[in-house]
Amino acid sequence: MEITQENRNWLTKLNLKHPLVLAGPCSAETEAQVLAIAEELKNSDVSIFRAGIWKPRTRPGGFEGIGAMGLKWLQKAKAQTGMLMAVEVANANHVKLALEHDIDVLWIGARTTVNPFAVQEIADTLQNTDKIVLVKNPVNPDLSLWIGGVERLYRAGIKNLGVIHRGFSVYEKTKYRNNPEWQVAIDLQNKFPLLPLICDPSHITGRRDMIPEVAQQALDLNYDGLMIETHIDPDNAWSDAAQQIVPQQLLHILKQLKVKNKTSDQALYVNEITRLRTQIDISDDKLLEIMGQRMKLSQAIGLLKKENDIAVLQNQRWIEILERMKTMGLQRGLSEEFIENFFKAIHQESIKHQEKVINGYLGK
Ligand code: PEP
Ligand code: MN
């Protein structure tokens, strides 16, 4: 697969002076809801209106989408606002219905990208279409599976392509609903620099207050656009209530975002250094997250030592850790001196945490 300028012509043709914005509700609920949101977003920086018509819900029993009836509401919204319309498709029947209703953008959801049979069925049904087709990352952080989805469309002669980064599921609770694992998207971007890359901060964060920070990170990493769930009455939304924002909030966020100027040499330098610094910030965040986890483990050990009346400092264990880390560090190009200083600092912090437990400040 060779992704070229041709595959991003749809984006170039929009001739935007800012990142691409797709916005609209998680789910189309009623005709009035769709039209009211679309009305608020028209004549703004939003070019594409999104709404889920068929909703892949993790557990049965929730709202599973309004179905084909909603496509008529989108046609009406398009006639009234001039925005392009986007829906999620998960099988051949969805594709046929979307095409019959003149939908402009079809996206493949995270739960569908994991399934090559379903993606192939969609690609076959869309064969040679000039519609815009966007592939969300699979729910698991598997870059090949994500690329595989794009490849299936590409091989079916679909030229107007793009990808949406919506984060990845993890078992342990973090501050995100879906962990961004930025490196997966960065690797995709490095492999296919011309493939339009869109961030979905709504599904990454799962909460409205974190949307601006993730949207800004994406722009700092040179993403081409953002997909942000927007609802007229978010608290009463039929799906994803916690992460949706009102149109006014969306427009405010878009105004606050620092958008890069891509013209002069100076601007290129600033873009590149911002992109690299954002990656460093992401690594530092991970480092602190892991340090926090490590100290919790130390505290648990502290509690065990207390219950069994064992001294905090176990010199042999410390020597073993240091030796193992020096060997691993050398393999990663880290100096022995750095490893020693770094782990001494960690070890001291660990001892402090254990002492607190043993002296009764923490733990039981
Ligand atoms: C959505 O966009 O509403 C959706 C279901 O997203 P995802 O496929 O990313 O879970
Ligand atoms: Mn949603």
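Asp104 is buried, with a relative accessible area of 14%; here buried means under 20% relative accessible area, exposed means over 50%, and partly exposed lies in between, with a 1.4 Å probe and protein chains only. The structure is a predicted model, in which local features need pLDDT of at least 70, side-chain atom pairs count only at pLDDT 80 or more, and totals for chains, interfaces and linings use all residues. Residues are numbered from 1 along each chain as its sequence is written, chains are lettered from A and ligands numbered from 1 in the order in which they are written, and side-chain values use heavy atoms, with hydrogens and water left out.

Asp104 sits in the loop between helix H4 (92-100) and strand S4 (105-108). Helices (H or I, at least four residues) and strands (E, at least two) are DSSP runs, numbered from the N terminus.

A salt bridge is a side-chain nitrogen of Lys or Arg within 4 Å of a carboxyl oxygen of Asp or Glu. Asp102 is likewise found in the loop between H4 and S4, but Asp102 is partly exposed, with a relative accessible area of 40%. The backbone of Asp102 has a positive phi, near 60°, in a residue other than glycine. Most residues other than glycine have a negative phi. Asn15, which is not a glycine either, has a positive phi of about 55°. Asn15 is placed in the loop between H1 and strand S1 (20-24) and is exposed, at a relative accessible area of 60%.

By the salt-bridge rule, the count comes to 16. One of them joins the side chains of Asp224 and Arg8, at 2.9 Å from N to O. This pair links distant parts of the chain, 216 residues apart: Asp224 is in the loop between helix H10 (211-220) and strand S8 (225-229), and Arg8 is in the segment before helix H1 (9-14). Asp224 counts as buried at 15% relative accessibility, and Arg8 is buried with a relative accessible area of 15%.

Another salt bridge brings together the side chains of Lys326 and Glu340, at 3.0 Å from N to O. Lys326 lies in helix H13 (residues 315-331) and Glu340 in helix H14 (residues 336-358), so the pair ties together parts that are 14 residues apart in sequence. Lys326 is buried at 11%, whereas Glu340 is partly exposed at 25%. In the salt bridge between Glu39 and Lys42, the closest N and O atoms are 2.8 Å apart; Glu39 is partly exposed at 35%, and Lys42 is partly exposed at 27%.

The text now turns to the ligands. Ligand 1 is surrounded by Cys26, Arg50, Lys55, Glu88, Trp107, Gly109, Ala110, Arg111, Lys136, Arg166, His203 and Glu229, where a residue is near a molecule if one of its heavy atoms lies within 4 Å of it. This shell divides into three nonpolar, two polar and seven charged residues; Ala, Val, Leu, Ile, Met, Phe, Trp, Tyr, Cys and Pro count as nonpolar, Asp, Glu, Lys and Arg as charged, and the others, Gly among them, as polar. Oxygen atoms of ligand 1 lie 2.9 Å from a polar side-chain atom of Lys55, 2.8 Å from one of Arg111 and 3.1 Å from an N or O atom in the side chain of Glu229. Taken alone, ligand 1 exposes 290 Å², and the protein buries 97% of that; accessible areas come from the Shrake-Rupley method with a 1.4 Å probe, and for residues only the protein chains shown count as cover.

The manganese ion (ligand 2) is coordinated by Cys26 (SG), His203 (NE2), Glu229 (OE) and Asp240 (OD), at 2.1 to 2.4 Å. Donors are N, O and S atoms within 2.8 Å of the metal (3.2 Å for Na, K and Ca); water is not among the atoms, so sites may look incomplete. Along the chain, the donors follow the spacing C-x176-H-x25-E-x10-D. Within this set, Glu229 in strand S8 and Asp240 in the loop between S8 and helix H11 (247-256) are 11 residues apart. Glu229 counts as buried at 0% relative accessibility, and Asp240 counts as buried at 17%.

Definitions and conventions:
A polar contact is a pair of N or O atoms within 3.5 Å; within protein, one must be able to donate a hydrogen and the other to accept it, and residues adjacent in sequence count only if both atoms are side-chain atoms.
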